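Look over the sequence and the structure below. Then work through the questions one at a time.

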Amino acid sequence: MTKADRPESSSASSGEPLVSAVREGNRNAFNRLMMRDGPRLVRFAIAQGLSEDDADDIAQETFLAVYRNLHRYDQSRSFQTWLFAIARNKMRDLFRRRAVLKWIGVEETLERTASDSPSPETEVSDRQTLIETQHAIARLPEGLRTPLLLASVEGLSLSEVGEVMGISAKAAEVRIHRARRKLKSELR
């Protein structure tokens, strides 16, 4: 078993050995990269307001772009921030195409809240809270929504969020603070 064939953890630093293996022509490493990071991309896209099908498409388009442009990736930088920047651009392209085609009506995807055995009343209340929260997040401007989701849902650091968005870490922190403040005022 080669180094590229060994299981990797899901930490940010584990992407680089897989990327090196992919650059060397190891297709298995690319498959493992997709299996490891694909669910995060799908979660990120769903949190941006896309349906599950659209989120899957965005993840596929992102990995296709990664494969085609891997020679452009600077290995001295975080692979994860490069990956999320590509995904963000793919989502922008999708939204732009939809606006041009005047296609509106992205389905909401509801995630079931975790609990041992909620009562029907609690389940309805939790679903309603989740729906209200998803709608409030979807109404945030993209410049506030994206850094909030990258930091809160995907666990990226402020510097990584800034790198994905092309802003400083401090600007990312300010945007996240503004997004949270706006959500709190809307959900009261």
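Q: Which residues of α6 are buried?
A: This is a predicted model, where local features need pLDDT of at least 70, side-chain atom pairs count only at pLDDT 80 or more, and totals for chains, interfaces and linings use all residues. Residues are numbered from 1 along each chain as its sequence is written, and side-chain values use heavy atoms, with hydrogens and water left out. Buried means under 20% relative accessible area, exposed means over 50%, and partly exposed lies in between (1.4 Å probe, protein chains only). By that rule the buried residues of α6 are Leu-144, Arg-145, Thr-146, Pro-147, Leu-148, Leu-149, Leu-150 and Ala-151.

Q: Why is α6 described as largely enclosed by the rest of the structure?
A: Compare the buried residues with the length of the helix. The helix is largely enclosed because the buried residues in α6 number 8 of the 11.

Q: How many helices and how many strands are in the chain?
A: Helices (H or I, at least four residues) and strands (E, at least two) are DSSP runs, numbered from the N terminus. Read along the sequence, the pattern is α-α-α-α-α-α-α-α. The count is 8 helices and 0 strands.

Q: Is Leu-94 buried or exposed?
A: Leu-94 lies in helix α4. Its C-alpha atom is 8.4 Å from that of Ile-58, 36 residues apart along the chain. The relative accessibility of Leu-94 is 11%, so Leu-94 counts as buried.

Q: How many salt bridges are there?
A: Side chains of opposite charge can pair when their charged atoms come close. A salt bridge is a side-chain nitrogen of Lys or Arg within 4 Å of a carboxyl oxygen of Asp or Glu. By this rule the count is 8.

Q: How far apart are the closest N and O atoms of Asp-37 and Arg-36?
A: Asp-37 has 5% relative accessibility, so Asp-37 is buried. Arg-36 is buried as well, at 17%. They form a salt bridge, and the closest N and O atoms are apart by 2.6 Å.

Q: How many residues apart in sequence are the parts tied together by Arg-43 and Glu-154?
A: The two form a salt bridge, with the closest N and O atoms 3.3 Å apart. Arg-43 lies in helix α2 (residues 27–47), and Glu-154 lies in the loop between α6 (142–152) and α7 (158–165), so the pair ties together parts whose separation in residues is 111.

Q: Is Glu-154 buried or exposed?
A: Glu-154 is found in the loop between α6 and α7. The C-alpha atoms of Glu-154 and Arg-40 are separated by 6.9 Å, although the two are 114 residues apart along the chain. At 6% relative accessibility, Glu-154 counts as buried.

Q: Which residues are joined into one network with Arg-40?
A: Begin with another pair. Arg-92 forms a salt bridge with Glu-142, the closest N and O atoms being 3.5 Å apart. That pair links distant parts of the chain, with Arg-92 in helix α4 (residues 79–101) and Glu-142 in helix α6, 50 residues apart. Elsewhere, salt bridges that share partners join Arg-40 into one network with Arg-43 and Glu-154.

Q: Which residue just after α7 takes a positive phi?
A: First look at α7 itself, where the buried residues are Glu-160, Val-161, Gly-162, Val-164 and Met-165. Just after this helix, a positive phi of about 75° is taken by Gly-166.
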